[in-house]
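Please read the following walk through the structure with the sequence and the 3D view side by side.

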Amino acid sequence: AYERRFPTCPLIPMFVASDTVSEYKSEDEAIHIIERRCKLDIDAPRLLKKIAGVDYVYFVQKNSLNRRERTLHIEAYNETFSNRVIINEHCSYTVHPDNEDWTCFEQSASLDIKSFFGFESTVEKIAMKQYTSNIKKGKEIIEYYLKQLEEEGITFVPRWTPPVACKLESSTSHTRRPVSPAITIPDSATKEGLNNKEILNTSSSPSEPTAGTPDDKLDADYIKRYLGDLTPMQESCLIRLRQWLQETHKGKIPKDEHILRFLRARDFNIDKAREILCQSLTWRKQHQVDYILDTWNPPQVLQDYYAGGWHHHDKDGRPLYVLRLGQMDTKGLVRALGEEALLRYVLSINEEGLRRCEENTKVFGRPISSWTCLVDLEGLNMRHLWRPGVKALLRIIEVVEANYPETLGRLLILRAPRVFPVLWTLVSPFIDDNTRKKFLIYAGNDYQGPGGLLDYIDKEIIPDFLGGECMCEVPEGGLVPKSLYRTAEELENEDIKLWTETIYQSASVFKGAPHEVLIQIVDASSVITWDFDVCKGDVVFNIFHSKRAPQPPKKDSLGAHSITSPGGNNVQLIDKIWQLGRDYSMVESPLICKEGESVQGSHVTRWPGFYILQWKFHSMPACATTNLPRVDDVLASLQVSSHKCKVMYYTEVIGSEDFRGSMTSLESSHSGFSQLSAATTSSSQSHSSSMISR
């Protein structure tokens with residue numbers, strides 16, 4: 001079972017690969033010693049990796065199996081940074097002295113940090129946390145492979161017996177050698193980094209549960225308490241996707257519960273889940289959804305006429321949302337507010353739902369990751385089939401389906417009138433199959449009979465308008481006064497305003513007209529951070545330094561100029577008479593960024609002065625062996641109309657005093673949920689270049 005970890009193990013995401021360095025077997029096959037070189041992708045801040053100059057860490061692991069004594073000894077030590085850090089690990093599997101059917105496992109590790117680029121304390125904290133959290137994982141993986149063997153019909157391995165020629169030899173003659181630790185352990189040790197001489201010892205037998213730490217995301221109690229039942233492979237998918245997120249962007253990582261929703265929505269297909277999760281994170285950042293509950297106040301029209309609200313919880317502990325759709329004037333709300341305001345209000349409802357799920361998880365002591373929605377259709381008529389209203393509803397469904405998967409636990413549709421099948425025919429194609437299975441539809445008063453509302457909601461909280469005794473504070477809706485209607489132009493302007501209330505700025509980049517941002521640095525060793533999305537076209541990102549300030553943008557169309565357009569600003573600061581190498585210098589290698597990519601990075605300044613961040617139009621290079629363009633180039637050029645690109649960016653400068661000795665200071669500039677794109681190469685390239693000047 002232990003050997004099945006090699007050459008790599010999907011249950012240990014950081015264990016990338018291993019190669020056999022040497023192997024020895026005794027003639028009687030009692031002794032088997034194998035030495036491997038293991039490649040680990042440690043879970044450490046990207047900045048620390050770049051300072052250290054490595055992406056992977058290598059450990060040497062030696063396993064000594066003695067079939068005569070029925071022991072497996074494992075020894076491992078780090079090959080990478082061995083002159084700065086010394087890591088030694090020892091593990092052993094032995095037979096219990098009192099019960100030969102039991103296997104005992106013992107493990108110890110030592111860590112001695114001599115020096116590590118000034119980040120000794122940070123590395124120590126990483127090491128201690130990761131090592132402690134991974135102790136239990138080794139046992140879980142062994143149990144996983146034991147179960148796998150049982151499923152294959154292998155339930156017994158005969159004990160070793162000496163060959164006839166060897167029976168006269170001394171039974172005490174054997175080779176006892178230190179060997180290498182379980183790969184899980186190097187993972188932990190590596191992650192944990194490198195501590196100032198910390199010794200950890202553990203020992204347990206199979207009948208003794210290994211205690212997990214509260215911070216251990218893989219702890220069985222944590223999974224049961226917050227995530228629900230997961231198979232080993234589902235747990236592995238969650239770990240791998242979360243680690244990928246940690247490696248590809250800075251900022252706050254989505255909670256495990258949220259990552260799990262996207263995995264479940266794609267049946268734990270990591271590639272598909274990663275794609276929709278990245279798109280959702282980008283969308284959240286662009287529209288500042290993380291802050292919607294704190295920064296956006298719904299218009300009074302919504303508070304008065306939107307007939308929906310939260311109302312206690314169902315029998316499973318899920319938050320309950322009540323929507324009196326039949327009493328709501330959808331046409332009046334769309335005419336008074338526009339689609340964007342309605343969409344934003346629905347987003348705030350979903351964000352509140354996520355928050356309530358977390359609260360109920362704590363209250364009921366079990367994982368609650370979705371809510372129940374009760375929709376009362378009494379009063380639904382042809383007015384609700386008004387085309388713009390249906391269009392707004394379909395768009396809202398599309399956005400919610402894409403960004404809040406697996407959040408609807410159950411949908412109870414009550415008092416469905418005859419017109420409902422028409423609305424259902426229009427709406428149902430836009431609803432995911434898994435979501436549709438959660439719909440329960442009741443016509444007339446059927447909800448009051450067997451299999452009705454009482455099966456899902458306690459009698460004490462059934463709303464009064466459905467015949468219950470609980471007063472429901474959901475607004476009654478009603479017709480929106482026409483005096484509140486807005487013109488199409490007013491709504492259009494309002495829509496633009498709604499979606500540009502953001503800390504990010506938009507800029508247009510034209511062929512021959514880059515967009516440039518000026519940053520003045522007073523103290524050397526300050527840190528310039530950036531976070532931008534390429535919304536349209538391909539661009540080249542540059543950073544320049546100049547000792548003198550460029551002239552402010554002129555308003556004419558020649559030389560340095562500034563253009564304002566609905567798609568964003570275009571500002572040029574570098575005068576055409578300036579010469580690279582004389583008037584200004586390049587401090588980072590140019591970075592090509594493709595359409596749809598999100599890029600985050602930082603630059604540690606070496607000199608005071610003026611730094612210019614530049615986004616320049618990227619022209620497709622011609623094929624090297626022919627004058628004819630490639631098919632990919634032609635298709636790409638067709639996507640970039642009018643030689644125009646668009647970027648959305650945010651920059652911040654962090655003082656040197658906030659940067660030194662802090663591994664989290666660079667992360668502080670990025671917003672809550674942060675964002676990712678399907679392509680992550682730009683992010684890694686940006687970070688690798690960001691340390692060149694240091």
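Helix H4 (residues 220-227) packs against helix H6 (residues 256-265) at an angle of about 75 degrees, and their axes lie 11 Å apart; here helices (H or I, at least four residues) and strands (E, at least two) are DSSP runs, numbered from the N terminus, while axes are lines fitted to C-alpha atoms, for helices over the stretch in contact, with angles running from 0 to 180 degrees between N-to-C directions. H4 and H6 are therefore roughly perpendicular to each other, given that angles of 65 to 115 degrees count as roughly perpendicular, under 35 as roughly parallel, over 145 as roughly antiparallel and the rest as oblique. On the H4 side the contact (heavy atoms within 4.5 Å) is made by Tyr222, Tyr226 and Leu227, and on the H6 side by Asp256, Glu257, Leu260 and Arg264. Sorted by class, this contact of H4 with H6 has four nonpolar, no polar and three charged residues, where Ala, Val, Leu, Ile, Met, Phe, Trp, Tyr, Cys and Pro count as nonpolar, Asp, Glu, Lys and Arg as charged, and the others, Gly among them, as polar.

This is a predicted model, in which local features need pLDDT of at least 70 and side-chain atom pairs count only at pLDDT 80 or more, whereas totals for chains, interfaces and linings use all residues. Residues are numbered from 1 along each chain as its sequence is written, and side-chain values use heavy atoms, with hydrogens and water left out.

Taken as a whole, the chain has 18 helices and 23 strands, and of its 694 residues 51% count as buried; buried means under 20% relative accessible area, exposed over 50%, and partly exposed in between (1.4 Å probe, protein chains only). Among contacts between residues at least 6 apart in sequence, 78% join residues at least 24 apart.

In soluble globular proteins, nonpolar side chains tend to be buried together.

Helix H10 deserves a separate look. Six of the eight residues of H10 are buried, so this helix is largely enclosed by the rest of the structure; the buried ones are Thr330, Gly332, Leu333, Val334, Ala336 and Leu337. Leucine 333 touches Val301, Leu302, Tyr305, Tyr306, Met328, Gly338, Leu342 and Val480, residues up to four places away in sequence not being counted. H10 is followed by glycine 338, whose phi is positive, near 90 degrees. Tryptophan 386, in the loop between E10 and H12, touches Lys331, Val334 and Arg335, again not counting residues up to four places away in sequence. Its C-alpha atom is 6.7 Å from that of lysine 331, although tryptophan 386 and lysine 331 are 55 residues apart in sequence.

In helix H11 lies arginine 356, which is partly exposed, with a relative accessible area of 26%. Arginine 356 touches Trp310 and Pro319, not counting residues up to four places away in sequence, and its C-alpha atom is separated by 9.6 Å from that of tryptophan 310, 46 residues apart along the chain.

Some backbone details remain. Aspartate 267, in the loop between H6 and helix H7 (270-286), has a positive phi of about 50 degrees although it is not a glycine, and aspartate 267 is exposed, with a relative accessible area of 64%. Glutamine 288, in the loop between H7 and helix H8 (292-295), is likewise not a glycine and has a positive phi of about 55 degrees, but glutamine 288 counts as buried, at 12% relative accessibility. Finally, a cis peptide bond with omega of about 5 degrees joins phenylalanine 6 and proline 7, and proline 7 lies in the segment before strand E1 (15-25).
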